[in-house]
Amino acid sequence: MELLRKRILQDGRSFEGGILKVDSFINHQMDPVLMKSIGVEFVRRFASTDVNKVMTIEASGIAPAIMTGYLLDLPVVFAKKKSPRTIRNAISTTVHSFTKDRDYEVVISADFLTPQDRVLFIDDFLAYGNAALGVMDLIRQSGAKLVGMGFIIEKSFQDGRKMLEEQGVRVESLAIIDNLSDGRIAIRE
Ligand code: 5GP
């Protein structure tokens, strides 16, 4: 996706430890026009599937997920990182956070993830695939079906795609970063 590639090269910042900061247009301040284009691209890639629900994890996945759900005219549900006491029929799993280097619990209500759901998972980044693995566990526990996973940015050198594809998951990324060393950003053409 050319628009996204250009924006990452222009405004993204490469940090120690293979982290890309995109705080000025995705992770803190958000660009809704770019986010709409991201939604359009996810729709183009997944429109031929039988998806009937879009799923993500709070917080950074919500913007691209809601754009995609809006364009597909489908409901959007997000897994929560803290379990509210009022949540009903909770399903939970543990995810290891790469950026924060700690484990956290993600929770979703079985009221909103059911055996009738054919799920498209959308998130901001694919790194090692730990968040995606947690989502697969929630989907498995709920009896729903996973149709595919779409990421705004994939870091190819952290092997999340390999792990997911080995489990038969369809993975689509809108920008693929091949290298972040020496403060440079190498994006695949
Ligand atoms: P994974 O679970 O695939 O290892 O990491 C994915 C999650 O970690 C994403 O949801 C994202 O929030 C965060 N993450 C991983 N790598 C990066 C990165 O380079 N930059 C930012 N901003 N977040 C990242």
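**Ligand site and nonpolar cores**

In this predicted model, an oxygen atom of the ligand sits 2.8 Å from a polar backbone atom of Ala127.

Student: How much of the ligand does the protein bury?

Tutor: The ligand is surrounded by 16 residues, with Leu20, Ala127, Gly129, Ala131 and Lys155 the closest. Taken alone, the ligand exposes 510 Å². Of that area, the protein buries 87%.

Student: Which element gives the most residues to the largest nonpolar core?

Tutor: The largest nonpolar core has 29 residues, and Leu4, Ile8, Leu20, Ile38, Ile152, Ile153 and Ile177 have the most contacts inside it. Elements giving two or more residues to this core include helix H1 (2–11), helix H3 (32–46), strand E8 (145–155) and strand E9 (171–179). The element that gives the most, with six residues, is H3.

Student: What is Ile8 in contact with, leaving aside its neighbours within four places in sequence?

Tutor: Ile8 is among the residues with the most contacts inside the largest nonpolar core. Contact here means heavy atoms within 4.5 Å. With those sequence neighbours left aside, the partners of Ile8 are Leu20, Phe25, Ile153, Ala175, Ile177, Ile185 and Ile187.

Student: How many residues are in the second, separate core?

Tutor: This core includes Ile91, Leu138, Phe151 and Val169. Its residue count is 25.

Note on methods
Residues numbered from 1 in each chain as written. Predicted model: local features only at pLDDT ≥ 70, side-chain atom pairs only at ≥ 80, totals over all residues. Heavy atoms only, no water. Core = buried A, V, L, I, M, F, W, Y, C linked by side-chain atoms within 4.5 Å. Buried < 20%, exposed > 50% of the residue type's maximum accessible area, 1.4 Å probe, protein only. Helix = DSSP H or I, 4+ residues; strand = E, 2+ residues; numbered from the N terminus. Near = heavy atom within 4 Å. Polar contact = N/O pair within 3.5 Å; in protein donor to acceptor, adjacent residues only side chain to side chain. Areas by Shrake-Rupley, 256 points an atom, 1.4 Å probe, with all protein chains shown as cover.
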